[in-house]
Amino acid sequence: MAPPNPHLVARMQGHRLSIFAEMSTLAVQTGAINLGQGFPDTDGPTEVLDAAVAAIRAGHNQYPPDRGIPELRQAVSDHQARFYGQEVDPGDVMVSTGASEAIGAAILALVSEGDEVVVFEPYFDLYAAVIALAGGVRRAVTLRAPDYSFDEADLAAAICPGTRLILLNSPHNPTGKVFSPEELGVIARLAVEHDLLVVTDEVYEHMTYDGTRHVPLATLPGMAERTVTISSGGKSYGLTGWKVGWAHGPTDLIDAVHTVKQHLSFTSGAPFQRAMVTALNLGDDYFDGLAADLCAKRDLVSAGLTAAGLDVYGASGTYYLTADVRSVGYDDGMDFCRELPGRCGVVAVPNRVFYDHAEEGRSIVRFAYCKRFEVLHEAMDRLAGLTA
């Protein structure tokens, strides 16, 4: 193997390969059903698609304002009031190129070299990469299976004088966990006690089941003034390729995030921003239907994985299920996921790559169920041969 190029930035060398790219490539090579990467196989609501086409034909194809079109910033404000009773000034909303850019801009804006950032593991791999880009130091608090709860003492111990920020994802990828009001209360109390900033990734906010409700951390006492809340239209409306996201929070924090964001993409998605106004204003029937559809798919896949011999962990949000593969003879989820396409024609993702303490997730894998029912039925039929 050739020695590393000395001109490359060292802090990013551990983030060169994406597990999603590896597993999606395996899916293409083997013709397997891809339950690894979290994107739907159908388009979003017709009225939202029509709104994008209308915006293109109406000439909304040049740079939109760098903070986003006023109509979308107002729609985000209205959405937060409608679903959470949260007052958000449209002037404190910033539109981004997907939630990923907003997360990256927030970390780059709010974390200085050597600052510590507390995350909950397993975590979306982007988080580790952007903390490294900012020169921050990651401190991981483990969510432990089967219910992915965390120990308050572990969180308290992770916070030290060098801690700057907590990065929270709820509903949570990759576990499907929705942080409870009690857990959010613990996080809020410690953030206030230690005067910490919080960045929340809430892109799965409309995907909760079994009576579980998403509660934005910023709605808790003492949190509005220290929290940057991030979401997007990609997950909620099945439009991941449009890359329209947004962030909101107190003016000084959003101004800081925008200062970074304007030097990343500057701005993007002019017609899609207009269509997203339509999306955010869809009726309750859409959001209720989305949750009901995904809940049924979760149950289908949970039953199928269990029948295949996997030890399946419960999930009350997102569109992911996790399972322990030791029950089918594997100690390492990576080995399982690399062999599964050839054995059964299905792709999953190993969770261990989302942990700092890799042994905690060594035998756990993630399945995405945001696919058509016929695809999920076929995938479960294929997995039935796992223990044959």
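Trainee: What does His172 touch, not counting residues up to four places away in sequence?

Mentor: His172 touches Phe120, Pro122, Leu143, Lys177, Phe179 and Thr318. Keep in mind that this is a predicted model.

Trainee: Where does His172 lie?

Mentor: His172 lies in a loop. Strand S5 (163–169) and helix H7 (181–193) stand on either side of that loop.

Trainee: Why is His172 called buried?

Mentor: Set the value against the cut-off. Buried means under 20% relative accessible area. His172 has 1%, so it counts as buried.

Trainee: What makes H1 and H11 roughly parallel?

Mentor: Look at the crossing angle. The axes of helix H1 (residues 19–30) and helix H11 (residues 333–344) cross at roughly 25 degrees. Angles under 35 degrees count as roughly parallel. Therefore H1 and H11 are roughly parallel to each other. Their axes come within 9 Å.

Trainee: Which residues of H1 and H11 meet?

Mentor: From H1, they are Ile19, Glu22, Met23, Leu26 and Thr30. From H11, they are Met334, Cys337, Arg338 and Pro341. By class, this contact has six nonpolar, one polar and two charged residues.

Trainee: Which residues of H2 are buried?

Mentor: Val48, Ala51, Ala52 and Ala55.

Trainee: How do you know that they line one face of the helix?

Mentor: Look down the axis of H2. The buried residues fall within an arc of 100 degrees, so they line one face. They pack against helix H9 (270–280).

Trainee: What follows H2?

Mentor: Gly59, with a positive phi near 95 degrees.

Key:
Residues numbered from 1 in each chain as written. Predicted model: local features only at pLDDT ≥ 70, side-chain atom pairs only at ≥ 80, totals over all residues. Heavy atoms only, no water. Buried < 20%, exposed > 50% of the residue type's maximum accessible area, 1.4 Å probe, protein only. Helix = DSSP H or I, 4+ residues; strand = E, 2+ residues; numbered from the N terminus. Arc of directions from axis to C-beta. Contact = heavy atoms within 4.5 Å. Axes fitted to C-alpha atoms, helices over the stretch in contact; angles between N-to-C directions. Parallel < 35°, antiparallel > 145°, perpendicular 65-115°, else oblique. Nonpolar A, V, L, I, M, F, W, Y, C, P; charged D, E, K, R; others polar.
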